Amino acid sequence: MGRNLRTGGRLRPVDLAREHGLSTQAVRNYEADGILPAAERGPHGYRTYTPLHAQALRAFLALVPGHGHATAAAIMESVNRSAIEEALRLIDESHAQLLEDRRTLQVVTAALRDLEPVPQERGGTFVGPLSRKLGVRPATLRTWERAGLLQPERDPRTGYRVYSAADVRDAKLTHQLRRGGYRLERIAPLIEQVRSAGGVVPLESTLRDWHSRLSARGRALLSGAAALDAYLSDATTDTIETMTLPRN
């Protein structure tokens, strides 16, 4: 944005800080990080801010809930050095990540919905029958075991792997998610959640909370976009006004 700052009013660091419950040092840090445009200095070296700085701070704080602090800071820093395309790319990446997270939630919800309850029965399943049931090779089950997705016990007499009903459930869930294109390292946390919750049913509240958080993030992205657009409009207007001022 350069040095074209709106001069409709002069603000102190404390004026910007009080509006958002921040410290004056936080405001100075935001300026040093490029989140706010560079402030002019008075005769005694004190920073002088303008309504445009206040708008920039509002935009940044509105961006944080949807994008996170680091990305929001990068967006504002890009905008303030007139790298608008870079800022838009960062915004697009956050929206793309939200979409990917929504798709993940849909796949996980569908996978859990299709799982049968773990039967309360004794005994277990050996690697051969389980691999045939899922349509995978025994080596695949061993790969999932090494990744921590399955935890079969060993038959004390033969040393063969014995898969409990919970292991079969985890294998089915892993298989469904793998068919959905998810890597083992992304599946592992979900399997651990299923185990910690004691099954699939207790995870329903977790999925609802996950959905609510994604919806809140989507709304936050909209709010951040509106605040950033307002800042860009004010900054553009200020630049035009500055450029058209009569010269002495």
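**Entry 1: helices α1 and α3**

I began with helix α1 (residues 13–20) and helix α3 (residues 51–67) in this predicted model. Their axes come within 10 Å and cross at roughly 30°. Axes here are lines fitted to C-alpha atoms, for helices over the stretch in contact, and angles run from 0 to 180 degrees between N-to-C directions. I noted the crossing of α1 and α3 as right-handed. A crossing is right-handed if the near helix is turned clockwise from the far one by less than a right angle, and left-handed if anticlockwise.

Which residues make the contact? From α1 I listed Leu-16, Glu-19 and His-20. From α3 I listed His-53, Ala-54, Leu-57, Arg-58 and Leu-61. Contact means heavy atoms within 4.5 Å. By class, I find 4 nonpolar, 2 polar and 2 charged residues there. Ala, Val, Leu, Ile, Met, Phe, Trp, Tyr, Cys and Pro count as nonpolar, Asp, Glu, Lys and Arg as charged, and the others, Gly among them, as polar.

**Entry 2: ground rules**

Residues are numbered from 1 along each chain as its sequence is written, and side-chain values use heavy atoms, leaving out hydrogens and water. The model is predicted, and local features need pLDDT of at least 70, side-chain atom pairs count only at pLDDT 80 or more, and totals for chains, interfaces and linings use all residues.

**Entry 3: the whole chain**

I looked up 10 helices and 5 strands in the protein chain. Helices (H or I, at least four residues) and strands (E, at least two) are DSSP runs, numbered from the N terminus. Of the 248 residues, 37% count as buried. Buried means under 20% relative accessible area, exposed over 50%, partly exposed in between (1.4 Å probe, protein chains only). Among contacts between residues at least 6 apart in sequence, 65% join residues at least 24 apart.

**Entry 4: cores**

The largest nonpolar core has 27 residues. Such a core is a set of buried Ala, Val, Leu, Ile, Met, Phe, Trp, Tyr and Cys residues joined through side-chain atoms within 4.5 Å. Leu-36, Met-76, Leu-228 and Tyr-231 have the most contacts inside the largest core. Which element gives the largest share? I found α3, with 7 residues. Apart from this core lies another, of 26 residues, among them Leu-105 and Ile-187.

**Entry 5: the sheet**

Next I traced 3 strands in an open sheet, ordered β3-β5-β4, with antiparallel pairing. Two strands pair if DSSP finds at least two bridges between them. Why is one side of β3 and of β4 left without a neighbour? β3 (125–126) and β4 (153–154) stand at the edges, each with a single partner strand, so one side of each has no neighbour in the sheet. I counted 2 bridges joining β4 to β5 (residues 161–163). Glu-153 stands opposite Val-162 in β5.

**Entry 6: α6 and α8**

I moved on to α6 (residues 127–134) and α8 (residues 165–179). They pack at an angle of about 35°, with axes 11 Å apart. The crossing is right-handed. The contact includes Leu-130 of α6 and Val-168 of α8.

**Entry 7: two serines**

Ser-164 sits in the loop between β5 and α8. Is it buried or partly exposed? Ser-164 is partly exposed, at 31% relative accessible area. Its C-alpha is 4.7 Å from that of Gly-124, 40 residues apart along the chain. Ser-82 lies in the loop between α4 and α5. I noted its positive phi of about 65°, although Ser-82 is not a glycine. Ser-82 is partly exposed, at 49%.
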